[in-house]
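Dear colleague,

I am passing on the structure below, with my notes on it following directly after. Please read the notes with the model open beside them.

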Amino acid sequence: MKLKHTEIDGCFVLEPTVFEDERGYFFESYNQEKFEDLTGSRTTFVQDNQSFSSKGVLRGLHFQYGEHAQAKLVRVVTGEVLDVAVDIRPDSPTFGKVVRTRLSAENHKQMFIPRGCAHGFVTLSETATFFYKCDNFYNKASEGGVLYNDSEFDIDWILEDSQLIISKKDKLLPTFDKLVVGQL
């Protein structure tokens with residue numbers, strides 16, 4: 001497995017070693033010992049989640065507050081997405097930085113997003129199945145988010161605004177300047 005550092009402290013893109021032959025392919029999608037050796041992160045994942053989305057569906061930018069903050073290891077099982085992380089940790093040396101990477105069933109890449117980062121993705125293919133591991137259980141009362149098109153981050157989501165399908169809830173998320181930073 002190869003590890004690529006990103007512009008966000010503690011956020012990594014991981015690329016597994018894929019073994020292919022005439023029958024198809026095999027790769028190890030997660031190995032805790034190798035993950036910890038490569039990233040230096042002692043992360044114990046406690047919950048797996050999966051979503052299915054059509055082209056243009058944008059989910060995000062989401063995070064969990066305080067003691068319910070979650071680190072995530074994300075990947076795509078079918079299709080392709082543009083995956084985005086934003087460092088919203090006030091004490092981080094990379095506070096406010098944005099990382100974007102394409103994750104697909106073909107490239108098998110994964111992204112590790114540390115606690116204290118907002119996360120989102122947009123589906124670029126006709127459909128996509130998105131899978132992620134979390135190191136903390138979901139807690140509805142600790143949900144947080146930042147508006148996907150906040151000018152503070154100037155994220156290029158690749159697709160035109162007219163192509164995006166966004167939930168009503170995500171359209172109502174606050175801009176970054178409206179977040180109560182002390183709660184993060």
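Ser-104 is buried, with a relative accessible area of 6% (buried means under 20% relative accessible area and exposed over 50%, with a 1.4 Å probe and protein chains only). This is a predicted model, in which local features need pLDDT of at least 70 and side-chain atom pairs count only at pLDDT 80 or more, while totals for chains, interfaces and linings use all residues. Residues are numbered from 1 along each chain as its sequence is written, and side-chain values use heavy atoms, leaving out hydrogens and water.

Ser-104 belongs to strand β9, residues 98-104 (strands are DSSP runs of E, at least two residues, and helices runs of H or I, at least four, numbered from the N terminus). Its side chain reaches the backbone nitrogen of Asn-107 at 2.9 Å, and, neighbours within four places in sequence aside, Ser-104 is in contact with Val-76, Gly-79, Glu-80 and Lys-109 (contact means heavy atoms within 4.5 Å).

In helix α1 (residues 32-39), Phe-35, Glu-36 and Thr-39 are buried; seen down the helix axis, the buried residues fall within an arc of 95°, so they line one face (the arc is that of the directions from the axis to the C-beta atoms). The face turned away from that side carries the exposed residues Glu-33 and Asp-37, whereas the cover over the buried residues of α1 includes β1, β2, β7 and β10.

In strand β10 (residues 110-113), Gln-110 and Phe-112 on one side and Met-111 and Ile-113 on the other are all buried.

Best regards

Technical notes: Polar contact = N/O pair within 3.5 Å; in protein donor to acceptor, adjacent residues only side chain to side chain.
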